[in-house]
Structures are given as structure tokens and as C-alpha cells.
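Hi,

Here is the structure I promised to pass on to you. Have a look at it first, and then read my notes below.

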Amino acid sequence: MRAALDEAARAAEGGDVPVGALVIGPDGTLLATGHNEREATGDPTAHAEVVALRRAAARLGEWRLTGCTLVVTLEPCTMCAGALQQSRLDRVVYGARDEKAGAAGSLWDLLRDRRLNHRPEVIAGVLEEACSAQLTRFFRERPARS
């Protein structure tokens, strides 16, 4: 999670909401990292999780990320939860809960929905205080947007 926090800091440096993610392979190796790049790229789908998934799939040459773990500083939204479910990851680990848009247990629980064919293990609250503090600091220091 500390490496994901470092990725999140990179997002903030570029003006994006500080969310960082990484994909760890079945053998424990780091396959890919990602951070929010929506502002940097103008791409509404450039959430940290999606960026990391794309990079991991490219590195493996395979869209199925079976055996892999995604670590992310903020609970995934519905878009990201759908992408995580479709990628066949074994595990999702997240830090801060997202009471406004979380889809891994807070507002919705897409990742553990029994109607879906694949349900990764979800581990919540890892370094939650540090992840929450990073986001709070960003929004407090950010100029108001109209």
C-alpha cells in the first residue's frame, strides 16, 4: 500500500485526485503501477485502477489477470469495480472507503455480488488513515473549482 500511496502522490503532482494503484503478480512481483490521469490525459476512464490493469495486461500479454492482486488507495468506483471483476483478479486490497462512490462495500458491493461469475476477495482498510489523509489534504489545498 505504501507504493500505491507513492503513486497517488504522482497523481496529485499532475493535478489529479491522488489515487494510486498497483498490480502484483501471483508470484509476488510488481507487474504494473498506475495513478489517476484524468486531468493529465483528458480521459474520463483514466482512473488509477484502469491504468494499472491495462499496463499489467499489456505486460502479461493477456487480459485475464488470474492470480493477481490489485492494491489501490481508494475504494474502487463502479466503473473500476466492473473492470476489476472482468479482469479475473483474485484479490482487491484498498485503503480508504469511498462513501460517495465506492463499489466494493461502501455504497455498492459489486465485487462480491453473487449474481456475477467472478468475485475477487476484497480486503478493505489497509493503511486507511494514511490513504484518507492524502485525499483530505489534496482537497483542502486545491483551489475551488466552478
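First, the term for what comes next: on a 1 Å grid over the protein atoms alone, a pocket is an open set of points where a 1.4 Å probe fits, with protein on both sides within 12 Å along at least five of seven lines, and its lining residues have an atom within 4 Å of a point. Points are joined across faces, edges and corners, and the volume is the space filled by probe spheres set on them.

This is a predicted model, so local features need pLDDT of at least 70 and side-chain atom pairs count only at 80 or more, while totals for chains, interfaces and linings use all residues. Residues are numbered from 1 along each chain as its sequence is written, and side-chain values use heavy atoms, with hydrogens and water left out.

The largest pocket has a volume of about 370 Å³. Its lining has 16 residues, with Val17, Val19, Leu74, Asp98 and Ala101 nearest the centre.

Helix 5 covers residues 128-141 (helices are DSSP runs of H or I, at least four residues, and strands are runs of E, at least two, numbered from the N terminus). Cys131, Gln134, Leu135 and Phe138 are its buried residues (buried is under 20% relative accessible area, exposed over 50%, partly exposed in between, with a 1.4 Å probe and protein chains only). On the other side of helix 5, Glu129, Arg140 and Glu141 are exposed.

Helix 1 holds Glu7, which is buried at a relative accessible area of 8%.

Best wishes

How values were computed: The expected span of a helix is 1.5 Å times one less than its number of residues.
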